[in-house]
There are 4 protein chains.
Amino acid sequence: MASDKKGIIERLNAGEVVIGNGGFVFALEKRGYVKAGPWTPEATVTHPEVVRQLHREFLRAGSNVMQTFTFYASDDKLENRGQSLKISGTQINEAACDLAREVASEGDAMVAGGVCQTPSYLSCKSEIEVKAIFKKQLEVFLKKNVDFLIAEYFEHVEEAEWAVQMLKASGKPVAACMCIGPDGDMHGVSPGECAVRLVKAGAQIVGINCDFDPETCVKTEVDEGGSGEGAAEGSLHEFPFALEPRILTRWDMHAYAREAYKAGIRFIGGCCGFEPYHIRAIAEELVTERRILPSASEKHGMWGSGLEMHTKPWVRARARRDYWEHITPASGRPKCPSLSTPEGWGVTKGHAELMQQKEATSSQEIKHLMEMQKKAKSSA
Amino acid sequence: MASDKKGIIERLNAGEVVIGNGGFVFALEKRGYVKAGPWTPEATVTHPEVVRQLHREFLRAGSNVMQTFTFYASDDKLENRGQSLKISGTQINEAACDLAREVASEGDAMVAGGVCQTPSYLSCKSEIEVKAIFKKQLEVFLKKNVDFLIAEYFEHVEEAEWAVQMLKASGKPVAACMCIGPDGDMHGVSPGECAVRLVKAGAQIVGINCDFDPETCVKTEVDEGGSGEGAAEGSLHEFPFALEPRILTRWDMHAYAREAYKAGIRFIGGCCGFEPYHIRAIAEELVTERRILPSASEKHGMWGSGLEMHTKPWVRARARRDYWEHITPASGRPKCPSLSTPEGWGVTKGHAELMQQKEATSSQEIKHLMEMQKKAKSSA
Amino acid sequence: MASDKKGIIERLNAGEVVIGNGGFVFALEKRGYVKAGPWTPEATVTHPEVVRQLHREFLRAGSNVMQTFTFYASDDKLENRGQSLKISGTQINEAACDLAREVASEGDAMVAGGVCQTPSYLSCKSEIEVKAIFKKQLEVFLKKNVDFLIAEYFEHVEEAEWAVQMLKASGKPVAACMCIGPDGDMHGVSPGECAVRLVKAGAQIVGINCDFDPETCVKTEVDEGGSGEGAAEGSLHEFPFALEPRILTRWDMHAYAREAYKAGIRFIGGCCGFEPYHIRAIAEELVTERRILPSASEKHGMWGSGLEMHTKPWVRARARRDYWEHITPASGRPKCPSLSTPEGWGVTKGHAELMQQKEATSSQEIKHLMEMQKKAKSSA
Amino acid sequence: MASDKKGIIERLNAGEVVIGNGGFVFALEKRGYVKAGPWTPEATVTHPEVVRQLHREFLRAGSNVMQTFTFYASDDKLENRGQSLKISGTQINEAACDLAREVASEGDAMVAGGVCQTPSYLSCKSEIEVKAIFKKQLEVFLKKNVDFLIAEYFEHVEEAEWAVQMLKASGKPVAACMCIGPDGDMHGVSPGECAVRLVKAGAQIVGINCDFDPETCVKTEVDEGGSGEGAAEGSLHEFPFALEPRILTRWDMHAYAREAYKAGIRFIGGCCGFEPYHIRAIAEELVTERRILPSASEKHGMWGSGLEMHTKPWVRARARRDYWEHITPASGRPKCPSLSTPEGWGVTKGHAELMQQKEATSSQEIKHLMEMQKKAKSSA
């Protein structure tokens with residue numbers, strides 16, 4: 001079925017701008033189907049209509065890629081935390097592939113199978129053990145014949161390499177994306193070196209976080225994986241339940257899409273916190289370059305032009321680009337600061353606190369964590 | 001079918017806390033199915049699965065009331081602005097009733113038919129003409145046998161009275177809710193007087209906005225109609241496309257639900273900007289009083305307890321009430337203020353600028369509006 | 001000497017705008033001559049050149065009144081807290097009068113003798129005892145022949161009445177000013193009633209804080225006693241050592257002076273935090289009405305016009321009213337909020353915690369206070 | 001007289017911490033004796049008592065150096081802008097030396113003669129012409145026998161070198177301080193290279209702005225020239241009349257003094273916006289290292305301990321280090337942002353807009369500047 005469509009590499013080589021999808025875990029957490037903490041995607045099996053609907057919203061908003069909702073869908077993660085239902089990783093991965101393909105077929109979208117970092121790696125399991133986990137997911141992706149593969153949300157380049165090597169063996173195109181900052185991965189490997197190592201491992205598309213200087217990116221293509229709420233990784237103390245004031249407006253997205261395009265990035269998407277209207281904003285900003293508006297724009301109008309039909313005259317006066325392009329929205333929260341201090345204790349793979357366990361943290365353990373936190377702060 | 005269920009009045013009289021649903025127009029605008037400006041609900045006909053899904057999310061989050069998605073679904077509004085498809089008001093209202101009933105039946109929820117303010121009133125049509133509009137919607141509600149009726153989102157008490165009088169004639173219980181501030185309606189009628197007039201007109205439940213002092217409320221029942229983004233009425237200059245920094249966190253909702261409960265309010269819901277997780281937060285805050293948790297709480301855990309299973313130790317340390325109850329989230333926007341000056345030109349029904357027209361505002365008219373705005377500001 | 005000058009009442013009756021002086025305690029604390037906590041004015045004796053200099057700066061900035069620096073200069077206060085030097089209240093009051101008169105004579109200014117609230121009142125001493133304290137200060141004022149009298153910084157109207165009654169007996173004009181908010185004095189007496197009681201007690205000029213609605217002011221004259229740092233009374237948790245971000249700009253002062261003038265206020269001054277340049281801004285805003293610029297304006301230029309001679313072109317571009325009138329200055333503090341929660345434990349005269357003692361608070365007592373504070377917060 | 005005192009180099013070599021003075025122009029502008037824009041110091045002649053008083057406040061606060069108030073006191077500057085009185089540069093420089101020496105003699109302070117950048121340099125005058133200007137000031141300093149010399153507030157290293165070379169010829173120790181950011185001087189010369197060039201030119205003490213990474217400083221001694229209001233150079237749009245919200249608290253100063261000390265800096269002072277209480281805070285933070293408290297501390301008490309004697313119990317509860325060390329003061333300005341965008345058009349010596357002229361900028365020229373500004377912003 002996918003054979004008569006152009007693949008991701010052909011599209012990018014032809015100069016097309018490919019729009020990824022937004023974030024599933026945050027959106028479905030707010031809708032009531034994903035649990036913050038474990039963040040596992042069993043909803044593909046228990047509530048398929050919900051996952052299908054979100055795929056459709058992204059397709060309608062302009063996404064060219066339906067990424068399977070298989071984040072944290074490895075068996076070690078599902079067993080390890082949160083997944084009390086008796087649903088296997090294979091079931092979840094298969095259902096996710098079917099849902100993605102079903103909606104992709106309703107438009108001209110590709111399906112990408114996704115893997116991400118594992119608790120096994122954090123708990124110091126061997127390369128063979130960790131690769132076996134990726135292999136199990138990959139077998140489903142091949143059986144379901146996805147169009148390409150994405151290894152994303154890796155904080156350690158070593159684990160990302162293992163994932164890419166495993167995925168690459170399939171012969172499908174592989175994109176790799178790390179969730180790291182300018183200081184590099186959690187072992188201090190620089191962004192530039194991460195990119196080189198991922199390409200060597202076999203990735204044809206390499207993605208890094210948008211808070212990087214774009215010049216450090218590899219020349220080929222880059223998946224801009226910004227976070228719609230600015231803090232996928234939990235370093236902000238507002239993560240994950242008080243990030244609302246940071247949610248990007250659609251106009252923030254316009255600026256971001258333009259900047260990414262200028263930096264030569266041609267595979268542009270988002271992750272945690274990107275709702276369908278954020279994806280639509282990417283498509284609207286790049287309408288000249290892409291020569292197409294998404295279906296969802298019929299319910300929008302460029303730069304707020306739909307307001308021309310508002311009841312109130314002062315709102316109608318806002319139906320213009322100049323108004324929204326320069327707005328500085330108030331937070332409505334005068335007792336809150338505008339910036340907060342990121343957290344993170346400098347611990348990484350191999351530290352006792354990062355060994356993953358099946359049991360929920362006990363209140364005794366939380367007390368211990370609060371003491372560690374206090375120590376981390378006072379020594380900062 | 002609805003006959004063996006307790007009605008809204010019986011429930012409130014029995015001391016139950018009834019939870020309303022959240023907001024459809026803002027949520028569906030972000031999902032890509034409602035157009036900001038006209039805000040009309042043709043999605044009930046064009047994309048019923050989308051409306052059904054949102055109803056389900058609210059039901060799952062704890063809503064006891066499925067309000068029909070019939071906001072601005074009067075013929076004069078649909079003709080007047082935005083509704084270019086050839087779908088009649090009757091079609092939209094019927095579809096909305098069917099969808100609400102379908103989902104209500106999946107749980108123990110009631111269906112409420114809703115009407116709201118009309119462009120005809122703003123354009124100085126007569127009482128007879130305006131009442132005829134409400135009557136047309138009411139006929140659908142009766143045919144579809146909704147459980148009770150809500151007249152909501154009225155800025156002029158006179159129009160609200162007309163609506164209540166018309167709805168009351170049906171014999172169904174009527175709730176009335178005005179979107180006004182402490183200075184009263186747009187003609188300066190005080191909140192207290194509004195409430196008295198609405199009760200006299202026949203309303204058994206009277207609702208006012210949460211920015212009121214609760215003591216000014218009538219003693220019986222009150223529907224707390226807060227806005228999840230703080231600005232349903234467009235007076236904030238961030239309305240409607242840059243309200244993100246104001247979106248309430250789930251913890252803001254806990255505080256709001258508690259305060260409403262303390263003030264004696266027993267019908268608690270939300271409007272524009274209330275997502276399913278906001279409704280869930282009301283249900284979770286009042287779990288002791290209501291002795292039931294909603295289905296969606298299986299994907300939450302009280303006060304963030306799901307974080308006990310997060311990978312990172314510093315995030316696990318946040319799995320406790322004390323952390324979230326006192327958080328002051330940063331906006332991440334240091335070049336933005338925390339409060340902005342509300343707009344509103346003091347014009348109301350009868351002013352030329354408020355006469356409603358079918359055509360979208362032209363760029364010539366927008367220039368004129370911008371001049372009015374400048375004048376309004378300098379005289380402030 | 002003062003006999004050939006018009007008095008304060010004649011001036012106000014003739015429609016003149018009389019400008020008071022700014023604040024001594026905060027300014028001299030920053031210069032190193034007043035101790036925060038006790039706030040007593042022994043500098044009039046120990047460093048007269050410093051007090052003289054500040055009087056001169058206010059005179060030069062446009063002040064028509066040199067108020068004696070006799071704040072907290074009553075014997076009970078001096079003994080009670082902080083004044084370890086062996087200087088009597090009489091010495092301080094006499095020196096203050098001499099300094100005020102010396103500088104007043106260099107211009108066309110009046111001298112006002114000032115009394116304020118006493119620790120004796122807070123410690124439940126009798127009317128007779130409290131009045132005896134005011135009497136002792138008054139005797140100095142009469143001996144030194146001040147032009148009029150001010151009873152200021154009273155939080156309890158009862159004590160203010162006692163002060164006014166005592167001062168009135170002298171035959172000199174009396175102004176009275178309370179440092180209260182819209183909720184009235186610390187016993188809950190409303191602002192309106194406070195004003196009536198002070199007039200009945202003999203005050204010809206009644207002043208209230210600028211955070212009042214001006215309509216509640218008595219018709220005659222009102223001394224606008226705003227605080228340059230927004231928190232004379234210590235209710236803000238930034239008081240007194242972290243108020244910098246709240247210091248008014250000169251442009252804030254322009255707006256304040258205009259508003260006070262519009263409200264009919266004709267005796268306009270400031271208290272804690274008002275530096276000479278704030279007073280100059282009052283004089284510059286009201287230059288048309290007063291037909292005179294102060295000497296200090298030779299070093300200013302209206303609305304920043306002195307910037308016409310700045311080196312940098314982008315700073316020269318700011319030499320215009322429009323620029324400064326609408327500026328919203330950034331705080332440069334993104335980790336700080338814009339508003340904080342006022343403190344105050346609801347205790348007043350008669351509570352044990354308000355009984356004044358000679359000894360400094362011990363660390364044991366501070367622990368006890370911190371516990372009270374915690375309790376006050378959690379019950380709020 | 002100065003011969004029996006240890007000199008600046010001996011003191012620093014002996015490991016002493018030498019405290020400089022704060023800022024004269026901003027403090028005296030607020031007191032009414034300096035005009036913002038020209039910023040010239042004619043007050044040394046017209047109001048010597050005012051300059052003497054400020055010197056005394058700094059001495060009392062702990063300053064070990066009385067820098068002559070000779071900022072912008074070169075003849076070309078005085079003629080060029082603002083100085084309409086017929087007072088020569090020589091008169092101003094002489095008076096400044098006398099005042100500094102008079103107050104220095106009241107304590108154990110040194111006198112430093114200061115020169116700064118000139119309009120002649122900006123207007124492309126030759127090295128010979130610019131050096132002649134410094135020479136004229138130097139002759140006064142030698143006649144008045146100052147203890148050492150400071151070349152400060154230079155934005156171009158070339159001009160600073162000329163100044164140092166000229167001053168060095170006198171045989172007195174020379175300190176040099178540039179007001180540049182991490183990007184180097186206005187011609188792009190890096191901080192490190194600036195330091196090397198200044199040392200080569202003859203400076204024994206080299207100072208840079210506190211926003212530098214201290215590691216980039218030369219090893220010997222460094223004068224930390226922070227700005228109390230954060231914007232000496234005018235790049236902030238709040239400069240110079242709306243900087244209030246940025247004024248450092250005394251606790252900010254504690255942190256700054258500690259950080260400077262840790263970085264090995266031993267000559268610590270301040271410039272624009274540093275009031276006497278800021279200098280006192282440096283002295284109080286370093287009391288253990290310096291084994292002496294300044295006189296002004298008798299009116300303070302470490303870490304707010306004077307509050308032990310406040311009337312209100314909740315203010316007494318603040319008499320402790322822990323309270324003030326961690327305070328995040330609110331701005332009280334909810335309609336203002338916390339950060340603003342710095343300005344600066346990238347123009348430097350040689351650009352037409354920087355050629356200095358005698359006449360004040362006309363309103364025609366201001367219009368032109370506003371257009372340049374608009375262009376600079378839109379191209380940013």
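Visitor: Is the crossing of α4(C) and α4(D) left-handed or right-handed?

Guide: The crossing of α4(C) and α4(D) is left-handed, since the near helix is turned anticlockwise from the far one by less than a right angle (clockwise would be right-handed). The model is predicted, so local features need pLDDT of at least 70 and side-chain atom pairs pLDDT 80 or more, while totals for chains, interfaces and linings use all residues. Residues are numbered from 1 along each chain as its sequence is written, chains are lettered from A and ligands numbered from 1 in the order written, and side-chain values use heavy atoms, without hydrogens and water.

Visitor: Why are α4(C) and α4(D) called oblique to each other?

Guide: Helix α4 of chain C and helix α4 of chain D, residues 48–61 in each, pack at about 130 degrees with axes 11 Å apart. Under 35 degrees is roughly parallel, over 145 roughly antiparallel, 65 to 115 roughly perpendicular and the rest oblique. The pair α4(C) and α4(D) is therefore oblique.

Visitor: Which residues of α4(C) and α4(D) meet?

Guide: Glu49(C), Val50(C), Gln53(C) and Arg56(C) meet Glu49(D), Val50(D), Gln53(D) and Arg56(D), where contact means heavy atoms within 4.5 Å.

Visitor: What makes α2(B) and α4(B) oblique?

Guide: Helix α2 (residues 24–31) of chain B packs on helix α4 (residues 48–61) of chain B at about 125 degrees, with the axes 11 Å apart. The relation of α2(B) to α4(B) is therefore oblique. The crossing is right-handed. On the α2(B) side, Phe24(B), Ala27(B), Leu28(B) and Arg31(B) make the contact; on the α4(B) side, the residues include Val50(B), Val51(B), Leu54(B) and Phe58(B). The contact of α2(B) with α4(B) has seven nonpolar, two polar and two charged residues.

Visitor: At what angle do α4(A) and α6(A) pack?

Guide: Helix α4 (residues 48–61) and helix α6 (residues 89–105) of chain A pack at about 40 degrees, and their axes lie 9 Å apart. The crossing of α4(A) and α6(A) is right-handed. Pro48(A), Val51(A), Arg52(A), His55(A), Arg56(A) and Leu59(A) of α4(A) and Leu99(A), Ala100(A), Glu102(A) and Val103(A) of α6(A) form the contact. Six of these residues are nonpolar, one is polar and three are charged.

Visitor: Why is Cys124(C) called partly exposed?

Guide: Cys124(C) has a relative accessible area of 42%. Buried means under 20%, exposed over 50%, and partly exposed in between (1.4 Å probe, protein chains only). Cys124(C) therefore counts as partly exposed.

Visitor: Where is Cys124(C) found, and which residues does Cys124(C) touch?

Guide: Cys124(C) is in the loop between α7 (119–122) and α8 (127–143) of chain C. Leaving out residues up to four places away in sequence, Cys124(C) touches Lys349(C), Gly350(C) and Met355(C).

Visitor: How many helices and strands does chain A have?

Guide: Chain A has 16 helices and eight strands. Of the 380 residues of chain A, 63% count as buried. Among contacts in chain A between residues at least 6 apart in sequence, 73% join residues at least 24 apart.

Key
Axes fitted to C-alpha atoms, helices over the stretch in contact; angles between N-to-C directions. Helix = DSSP H or I, 4+ residues; strand = E, 2+ residues; numbered from the N terminus. Nonpolar A, V, L, I, M, F, W, Y, C, P; charged D, E, K, R; others polar.
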